[in-house]
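Trainee: I've got the model open on my screen. Can you walk me through how some of its helices sit together?

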Amino acid sequence: MPRAPSTRCVPKSRPNWRQRMAVDAPEGNLSGLAEQRLVSDPATIRSAGWLNDAWAQLERMIAAGRLPHGLLLHGRLGAPMTALLETLARRLICEAPREGWPCGECPACRQAEQGSFPDLHRLADDPEHRDIPVDAIRALIDGAFITRYGRMRLVLVERIERLNRASGNALLKLLEEPPESMQFLCTVEQVDRLLPTIRSRLQRVRLREPRPDELAAWWRQATGCSPERAELLAFIDDPTLVDGTDPTFDWQAVTQAWVRLAEEPRSPLAAIAPWLATPRPVLARWLLRLWPAVARRQAGLTDTVPAALVPMLDRLARAHDGEQWLAVQTRLIQFAREAGHPLHPELSVEQLALDLVDPRLARRLEPVG
């Protein structure tokens, strides 16, 4: 099968959004804005139609002085979500906004663009979505009461569901009694994983789910890539997989390994070399992305699937019956939950392969950890 075009395609008019997040910072991924730029990107928000309603709602809250001190943006990861988060932060610190957008010229905007605005802290996401450690929250608390440079101190927390119990309880104290003019801007993709005590102290703004054609159009506008590649990027719709941060990820080889595993169950461990070369969180997200597409094809339902994937998805659909495919999802979800465990990475991947030979059987190995 001819190799599909690379998915490492990033907006041509702005830096790689994950590169701007990956700064040299102390353990815990806490960084002040002095170490990174804060980009205002109205063009991305305007071109991503599913963000328009959310931006209009946020602007009305700001204009009426009703923006809560803790705001939760709930939606998919990706460059558009990052653009929304950063542009909102710039809008709040801008001294002379124009028609609801950052002016880009006031001292605060210039400092943010240059990476020298001191009143911002960011708990950035990372490719493996590791937990936010309690030490990062303690460092945030230690700096929370230092005299502010401007009129507002911003805290950006990406994928706030990464808080574990210790770091969540530590942040809860700051959310309950924040310093004057401290503003929390948080993003969440899986809101059900967020600690209920944290969720109750943040006001959620839900971003509409984008349609595949909207995503494809956005990728074409943002990157100038071909319609075929834009279609593939829209299907993947996951920055961990699209962005190319991890050069070891090869979506085609990983998918072909699953096909081989399903069609040649007598030698499951021989098929999964690409799985062992892929970070487990990335592998879990990709397999879970493929599952509903295969399920729809197996059920005879229509779906928008890139042409490069159709042959492999059809082979997967033929390899299991409906009952088996439902059990596959249970196994994949279990693997995703265990993917962040630091011990025995190869063993957990091999266990998944053995489980998927016939997912209706009891697990072949004891759960890792």
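This is a predicted model: local features need pLDDT of at least 70, side-chain atom pairs count only at pLDDT 80 or more; totals for chains, interfaces and linings use all residues.

Trainee: Are helix 12 and helix 15 roughly parallel or roughly antiparallel?

Mentor: Their axes come within 9 Å and cross at roughly 25°. Angles under 35 degrees count as roughly parallel. Helix 12 and helix 15 are therefore roughly parallel.

Trainee: What about helix 14 and helix 17: how far apart are their axes?

Mentor: Helix 14 covers residues 280-298 and helix 17 covers residues 345-357. They pack at an angle of about 20°, and are therefore roughly parallel to each other. The distance between their axes is 11 Å.

Trainee: Which residues of helix 14 meet helix 17?

Mentor: From helix 17, the residues involved are Pro-345, Ser-348, Val-349 and Leu-352. By class, this contact has five nonpolar, one polar and one charged residues. On helix 14, look at Arg-280, Leu-283 and Leu-287.

Trainee: And how many residues of helix 4 are buried?

Mentor: Helix 4 runs over residues 79-93 and reaches 21 Å from its first C-alpha to its last, close to the 21 Å expected. Buried means under 20% relative accessible area. Helix 4 is mostly covered, with the buried count at 15 of its 15 residues.

Key:
Residues are numbered from 1 along each chain as its sequence is written. Side-chain values use heavy atoms; hydrogens and water are left out. Axes are lines fitted to C-alpha atoms, for helices over the stretch in contact, and angles run from 0 to 180 degrees between N-to-C directions. Helices (H or I, at least four residues) and strands (E, at least two) are DSSP runs, numbered from the N terminus. Angles under 35 degrees count as roughly parallel, over 145 as roughly antiparallel, 65 to 115 as roughly perpendicular and the rest as oblique. Contact means heavy atoms within 4.5 Å. Ala, Val, Leu, Ile, Met, Phe, Trp, Tyr, Cys and Pro count as nonpolar, Asp, Glu, Lys and Arg as charged, and the others, Gly among them, as polar. The expected span of a helix is 1.5 Å times one less than its number of residues. Buried means under 20% relative accessible area, exposed over 50%, partly exposed in between (1.4 Å probe, protein chains only).
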